[in-house]
Amino acid sequence: MFARSGRSILPRMAALGAVSAGAGYLGLQCYNNSKRESQFDGVWNDVSVSSLVERPNISLPTRTDLLSKLSKTDEFDVLIIGGGATGTGCAVDASTRGLNVALVEMNDFASGTSSKSTKMAHGGVRYLEKAFWELSKAQLDLVIEALNERGHMLNTAPHLCKILPIMIPVYNYWQIPYYYVGCKMYDLFAGSQNLKSSYLLSRGQAADIAPMLDPSKLKAGLVYHDGSFNDSRMNAALAITAVENGATVLNYMEVKKLIKDEKNGKVSGALVMNRESGEIFKVKAKVTVNATGPFSDRFLQMDKNPDGLPDPLKENPNATVATKVAVSNPHMVVPSSGVHIVLPSFYCPKTMGLLDVKTSDGRVMFFLPWQGKVLAGTTDIPMKQIPENPTATEADIQDILKELQHYIKFPVKRDDVLSAWAGIRPLVLDPRKTKGKSGGSTQGLVRSHLVFTTDNGMVTIAGGKWTTYREMAEETINEVVKVGKFHVKPCITRKLKLAGAEHWDPNLPALLAQKYHLSQIMSQHLAENYGTRAPLICEMFKEDEKYQLPVAFGGKENISVSDINFDSFRYPFTVGELKYSMKYEYARTALDFLMRRTRFAFLDARQALNAVEGTVNIMGDELNWDSKRRKSEISEATEFIKTFGV
């Protein structure tokens, strides 16, 4: 946030002096008002506390059921291509409005950018500073929009999204009023959605909270609040919520070609291949939505080309997981790689994040507690091509570690890096204005979103960020309704609870521990990842004690002490969770479970490698894989996880 020279701030500080004084009061009032309102907002569910740990009655269609529905439906109202945050958000919005929805995803839900985010539900303190210095209403609108949506995320999935205080270490006295005003303005613009009021810490208080910082340089600390969440589990919750509202949602379904109307060339659906069986489905739809994030240009090519096929892509026979190109010459998407690393918990306070507002090259660097570890990043590297699976280079990892060492007292070691990955930032230019020119630098681009309908009737949604997925989906389905001339119910996603959030109570970890005699770590893990559906996993534990074993022991019937790697017990990822993810969350590969239904490989890639074989054993037995498929799964999962900085 707010990394700027102090010489030019004095004239503006005079104008903001009165605002800063009132902002603290207003921010506190907004917070208090929002807390009072939240007590009476919505309808209370008449559910006793004890019923929260009863086994929920969940009945989802199987993958076979969904494939049958896909083949038997003559025409859907809307076909959504892409199963990331935006695509599944659109499926939830459209299905709850009463539309007949199909969604297809080439890989797994959140297999791309949606699982590789900063894990923050935030308004964007950087954009607020930019709005101030550039007097940009567009930037300010983006901040206010995101702050509103941040509140909705916390409400719609409280088990996955939590309030996180973030401290800005201050190293110059003149910065204290500057950052203080900025934090209070951030509170102010959140309005009734403000989480908690920001506050100032003395040098001693800041050093006590973050003993890893060098106190000799520290002058103070400013604390503001944003949200922290589990992105891929949020994505899975959206997909399941859409299915429960009648949508036909399928992963591992690749669009090979857009179907065009022979008379007018309008898009009327797609030819979709089941990547597990090779079967081709002709999916007809009144409206087709391109929600493919960084790969949007590929589908715009299909839309533009009369045959509905993408432009030919030059194949590299020697391409690896890390080098395979998905889009070679993007025109709308301006790709930028953001790298994150995961470190042990001692790199930042356990309950408070740290934000370095001015790195040596002017970037913002953050260190956030996440899933019991520390998430650090990020880089911002422009790209010319869009890789299928972007990866973190050793130079990227060293760059983050170098910045971290500037203010951490103890040695920062490469061996401490547990995992590292890269995601593609969804920055976009309007293709209707750029006339086919591809983008270059990402500077000056706002991570706003873009919704438009092509001449051939395909609706495209691109850009934006995780925090604003819901509003993006609402705007997209508004466009779908307009294009398809549908008569629908109003949007209800502002208040809709996602799968696992129904009847949520923050005491659920305690209730699970009491009823099922779980450890505090396990009960909290299950509650905060599966919400009120956690009892389904706990009941599996009761049915068979082996389901409580770490997933690394999957398929091993006779285990002796000499066979046990006790490091496997460091993480609470169990055979029971794997069984649950296959039955209730459509996990189809080892990577689905190790990367996205759980965050094992993101948290500790080395330990996740040790769990690959056990995961494949369990999935192979459940899904009837032959020996060839099992060997392939082990090979592919191992190769992919090895790209995560190990």
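Colleague: How many aromatic pairs does the structure hold?

Modeller: The model is a predicted one. Ring pairs link Phe 132, Trp 133, Trp 174, Tyr 178 and Tyr 179 into a cluster. For the structure, the number of aromatic pairs is 20.

Colleague: Is the pair formed by the rings of Phe 132 and Trp 133 stacked, tilted or edge-to-face?

Modeller: The centres of these two rings are 5.1 Å apart, and their planes stand at 70°. Planes over 60 degrees apart meet the cut-off for one class. The pair of Phe 132 and Trp 133 is therefore edge-to-face.

Colleague: Which residue lies over the face of Phe 602?

Modeller: Two charged side chains can be described here. Lys 119 lies over the face of Trp 370, at 5.2 Å from the ring centre. Over the face of Phe 602, at 4.4 Å from the ring centre, lies Arg 599.

Colleague: Which residues touch the most other members of the largest nonpolar core?

Modeller: This core has 163 residues. Helix 6, residues 175–190, gives the most to this core, with eight residues. Beyond its neighbours within four places in sequence, Leu 512 is in contact with residues including Val 53, Leu 526 and Cys 538. The members that touch the most others are Leu 512 and Leu 526.

Conventions:
Residues numbered from 1 in each chain as written. Predicted model: local features only at pLDDT ≥ 70, side-chain atom pairs only at ≥ 80, totals over all residues. Heavy atoms only, no water. Core = buried A, V, L, I, M, F, W, Y, C linked by side-chain atoms within 4.5 Å. Buried < 20%, exposed > 50% of the residue type's maximum accessible area, 1.4 Å probe, protein only. Helix = DSSP H or I, 4+ residues; strand = E, 2+ residues; numbered from the N terminus. Contact = heavy atoms within 4.5 Å. Phe/Tyr/Trp six-rings, centres within 6.5 Å; stacked < 30°, edge-to-face > 60°. Lys NZ or Arg CZ within 6 Å of the ring centre and 35° of its normal.
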